[in-house]
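Reader: I would like to see how the labels attached to this model follow from the values. Please show the structure, then take my questions.

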Amino acid sequence: MAQAKGKAVLETQPVEIVEEKFLIHNLVKREPRAGLAEDVRRGLSSQPKRFLPKYFYDQLGSQLFEAICLLPEYYLTRAENEILELYADEIVSVLDGNTTLLEMGSGSASKTRLIIEALLRKQNELRFIPVDISASAIDSSSRILLQSYPQLRIEAYAADYFAGLAELGKKPRARTLALFLGSNVSNFDPDEALKFLRALRQVLREGDALLLGADLKKDKRVLEAAYNDALGVTAAFNLNVLARINRELGGNFDLRAFQHRAFYNEEAGRVEIYIESMREQTVAISQLEMEVQFREGELIHTENSYKYDLSDIAKLAGETDFTRAHTWLDHQQQFSSNLLLAV
């Protein structure tokens, strides 16, 4: 599931000095409702219909995702936490000398604490650079981290991935460990994953490293259960996109007339997530001045979640000027944390 969350602002803001050890650069330019309107119009006018997964994460959607991470079927968060709890010291030991920590899509930075603590066991202070689309998420998580770890200095970027990387490329840094956790790479199509990792590699120097979380290919029943939980939390998370359109754009989607669909496409190696219209119907969206026709059984594509095997990860690394130096697995071998060295 995608984890790019939060609100944008009307225009680029100057650097805001929140406190002595915390700077935030707000680079988000587009007003959020205008962006939502434009993308919903485009997505519902296309064939097949689609929504962008970044719109899952309004306030309610973010809370639902946090609940998903606690579900027994959703193994990904527990598996990655297990790896980081066991191997954080080993992971950070790969880089010599004083290390800067960079995290793409940092969000609440909850798992990041395990890496921060490991780095602070080997150095006296730490520069942390979180990048996330949500200025509010960065502000909140950074304040909490600074209370817990006074040795931190945080320079944050509220930006999408590519805008954040463009800015990061302008400034020198010490030896850098980059993080891309939570299997966020799974939400990229293969070409998008290559584009992102190449952009990240351009801001890293030879000898820097990336810790890449990636969910692994496994039994179809396990994968489908993770996205079709018995309590229906994932269904509520998916259908909340329709509720958001109702709230923010004056839509009249009847959520009872749509249902969540998720299944593993073994040939493509991905879980595909959809919203299905359960009957023929017409939906009006007043602020877009549009009506949308749905056939019974028609699908709106909301997300893909690609799954990897270790050869896929090695190939991805090799095509983006990294080399896979080490992979750590949880005890059930469901999830992987991969150390990619910049070469």
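Author: What follows is a set of questions and answers on a predicted model.

Reader: What makes the radius of gyration of the protein chain agree with that of a compact globule?

Author: A compact globule of 343 residues would have a radius of gyration near 20 Å, and the protein chain has 20 Å, so the two agree. The C-alpha trace spans about 65 × 45 × 35 Å along its principal axes. The chain holds ten helices and 15 strands.

Reader: How much of the protein chain is buried, and what share of its contacts joins residues 24 or more positions apart?

Author: Buried residues account for 55% of the 343 residues. Among contacts with a separation of 6 or more, 72% are between residues 24 or more positions apart. The accessible surface is about 15400 Å², and carbon and sulfur atoms contribute 49% of it.

Reader: Which residues touch the most other members of the largest nonpolar core?

Author: That core has 76 residues, and Ile-115, Leu-177, Leu-211 and Ile-285 touch the most other members. Another core lies apart from it, with 34 residues that include Leu-197, Ala-214 and Phe-322.

Reader: Why is Ser-183 called buried?

Author: The cut-off for buried is under 20% relative accessible area. Ser-183 has 2%, so Ser-183 is buried. Ser-183 sits in the loop between strand S7 (175-180) and helix H7 (190-203).

Reader: What is the phi of Ser-183?

Author: Phi of Ser-183 is near 60 degrees, a positive value in a residue other than glycine. Most residues other than glycine have a negative phi.

Reader: What makes the peptide bond between Gln-47 and Pro-48 worth a note?

Author: The bond is cis, with omega about -5 degrees. Most peptide bonds are trans. Pro-48 belongs to the loop between helix H1 (32-45) and strand S3 (49-50).

Reader: Why does Glu-73 count as partly exposed?

Author: Glu-73 has 23% relative accessibility, and therefore counts as partly exposed. Glu-73 is in the loop between helix H2 (59-68) and helix H3 (76-92).

Reader: How do you know which residues Glu-73 is in contact with?

Author: Contact requires heavy atoms within 4.5 Å. Neighbours within four places in sequence aside, Glu-73 is in contact with Ala-225, Ala-226, Asp-229 and Ala-230.

Reader: Why is Asn-252 counted as partly exposed?

Author: Asn-252 has 46% relative accessibility, so Asn-252 counts as partly exposed. Asn-252 lies in the loop between helix H9 (233-249) and strand S9 (258-265). Not counting residues up to four places away, Asn-252 touches Asn-246, Val-283 and Ala-284.

Key:
Residues numbered from 1 in each chain as written. Predicted model: local features only at pLDDT ≥ 70, side-chain atom pairs only at ≥ 80, totals over all residues. Heavy atoms only, no water. Helix = DSSP H or I, 4+ residues; strand = E, 2+ residues; numbered from the N terminus. Rg over C-alpha atoms; globule rule 2.2 N^0.38 Å. Buried < 20%, exposed > 50% of the residue type's maximum accessible area, 1.4 Å probe, protein only. Areas by Shrake-Rupley, 256 points an atom, 1.4 Å probe, with all protein chains shown as cover. Core = buried A, V, L, I, M, F, W, Y, C linked by side-chain atoms within 4.5 Å.
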